[in-house]
Amino acid sequence: MVGKGDLRADHKAGPPVIEASRGDRGFLEEVVRRSGVQVRRCFQCRTCSGGCPFVQAMDYPPNVLLRLLLYGRRRQVLSCGTIWLCVSCNTCSSQCPMALDLSAVMETLRIMALKARAPIGRPNILEFHEEVARSLERYGRTHKLGIMLRYKLLTGSWFSDLDVGLKMFAKRKLELFPSRIKQVHEVARVFEGQLRRKKK
Amino acid sequence: MSSPRGQEYSYFPGCSLETTAQESNRSLMRGAAIMGLRLIELEDWNCCGSSSLPTLSKPASLGMAARNLSLAPPHRPLVAMCPRCLHYLRSTLKYLKEHPRKRLALEKKFDRPIDTDLEVIHFLEVLDRFGLARLEAMARRSLKPLRFVPYYGCTLYRPPHLERHHYFQGDLDRILVALGAAPVNRALAYRCCGSFLSVTNPEVVTPVVNEIMTSAVAAGANCLVTICAMCQLNLEIRSTVKKRVPVFHFSEVLALALGADDYEDWFDRHLVNPRPLVQQVVAGG
């Protein structure tokens, strides 16, 4: 995941190094301001990464992400998969000795990544969130079958998970028709101009 | 601050309980009716915003939760069962309290006032107010056959900025022990179920869910009891190990203990068959 321009190989010492002085200082400030989390307090004990249930799927473990943040690696951080894989279970923040709210940091980074139009580290997860949002805009509630079907269509993964889908359908856990609210126009007012429109 | 006679509440089911977890909704209604509580469904409620919306649009997620608050009659507490819904409703209420101009703008949008003194509570807090002794006295069946892992999920008490009116950890154990069940505390009760990754990246979730399930079996549990409907679903649909135990919604075992008889429909919707265990409870009654 690390491009050549990101880490400059030090030929004498061997492993690549990050030149701290070349980092984007404003990046750290912005994350601290937006999230309200004092990221600088992290002393790299790695408790967060030890406890994270999904760390094995992440490109950077949470502690490494914080380190990159401290070094101002804006592009690297905003385009990573970790921020999308985080489900905000808060296992890390409940165990962090410095009581850092890591899921707030992750949410801030996701919002910043969208705003900066950074390459999305896990595009399928963003597709899913957008499908949920469209369902909310349309019905005021989530229509799970519709979300799943459109998500599958967008990600081209029709046959993955078919067995689970059928089981859920058989158990009447996926409704054919959406449960919709009566005053959908009130929800439309809430959504006005808020969602990124899909380009076909 | 308690409602008239302490018996009437506005109720926010949320999307999961309305659809995939109808069995949780129905058993909750049944249990509440037996207890003499009136849970009055919030008229025309909408989704709380769930985990997806805050990333895509803060104003939209704020607005979604705020609309629900604007629908709630101020004189009775608003009760949620889903921890995520509770979290969003509560944090939005707090935000609107601190940002009156945002509140005014939203009130204008909905043409309804939002009462920031509204009480938003979880059903476990309703039980707390009801009283454990009273609940125990009402029980018609003993939950003795259940050796359960109390699985609270991540959202009920973990987010650092939750408004803490109540300490939830231990509630499940206390209530179910009073109703005769035995807690099994050596399993991975605090491991996350995977939330939305269950849809987007099942290959990541399955090993974690299997770990949870295997730890429950190894610790000698014969079921898990969850507070969160999404946890219940993920633990059931994503576990692929041979030896599995059923996962109950808390409301189901509560209603069962209180003597509900219309449980067939609820348990019919489970993916891991809980009937043998339910039969033991019913027979033992």
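**Chain A against chain B: what the terms rest on**

Modeller: Across the interface of chain A and chain B, 25 residue pairs are found in polar contact, both residues being at pLDDT 80 or more. This is a predicted model, in which local features need pLDDT of at least 70 and side-chain atom pairs count only at pLDDT 80 or more, while totals for chains, interfaces and linings use all residues. Residues are numbered from 1 along each chain as its sequence is written, chains are lettered from A and ligands numbered from 1 in the order in which they are written, and side-chain values use heavy atoms, with hydrogens and water left out.

Biologist: What makes a pair across this interface a polar contact?

Modeller: The pair must bring N or O atoms within 3.5 Å; within protein, one atom must be able to donate a hydrogen and the other to accept it, and residues adjacent in sequence count only if both atoms are side-chain atoms. The 25 residue pairs between chain A and chain B are those that the rule finds.

Biologist: Which elements of chain A give two or more residues to the side that touches chain B?

Modeller: With helices (H or I, at least four residues) and strands (E, at least two) taken as DSSP runs numbered from the N terminus, they are α5 (82-85), α6 (91-95), α7 (102-115), α8 (123-139), α9 (144-155), α10 (162-170) and α11 (184-191) of chain A. The largest share comes from α8(A), with nine residues.

Biologist: Why is the pair of B:Lys58 and A:Glu107 called a salt bridge?

Modeller: A salt bridge asks for a side-chain nitrogen of Lys or Arg within 4 Å of a carboxyl oxygen of Asp or Glu. The closest N and O atoms of B:Lys58 and A:Glu107 are 2.4 Å apart, and therefore the pair qualifies.

Biologist: How do you know how much area the two chains bury?

Modeller: Buried area is the accessible area (1.4 Å probe) that two parts lose on being put together, summed over both. For chain A and chain B this comes to about 5000 Å², 60% of it on carbon and sulfur atoms. A:Arg141, A:Lys173 and A:Val190 supply 13% of the area that chain A buries against chain B, more than any other three residues.

Biologist: Turning to chain B, what makes β2 and β4 edge strands?

Modeller: Two strands pair if DSSP finds at least two bridges between them. An open sheet in chain B has four strands in the order β2-β1-β3-β4, with parallel pairing. Strands β2 (38-41) and β4 (120-122) of chain B each pair on one side only, and are therefore its edges.

Biologist: Which parts of the chain does the salt bridge of B:Glu8 and B:Arg38 link?

Modeller: The closest N and O atoms of B:Glu8 and B:Arg38 are 2.9 Å apart, so this pair too passes the salt-bridge limit. B:Glu8 lies in strand β1 and B:Arg38 in strand β2 of chain B, 30 residues apart, and the pair thus links distant parts of the chain.
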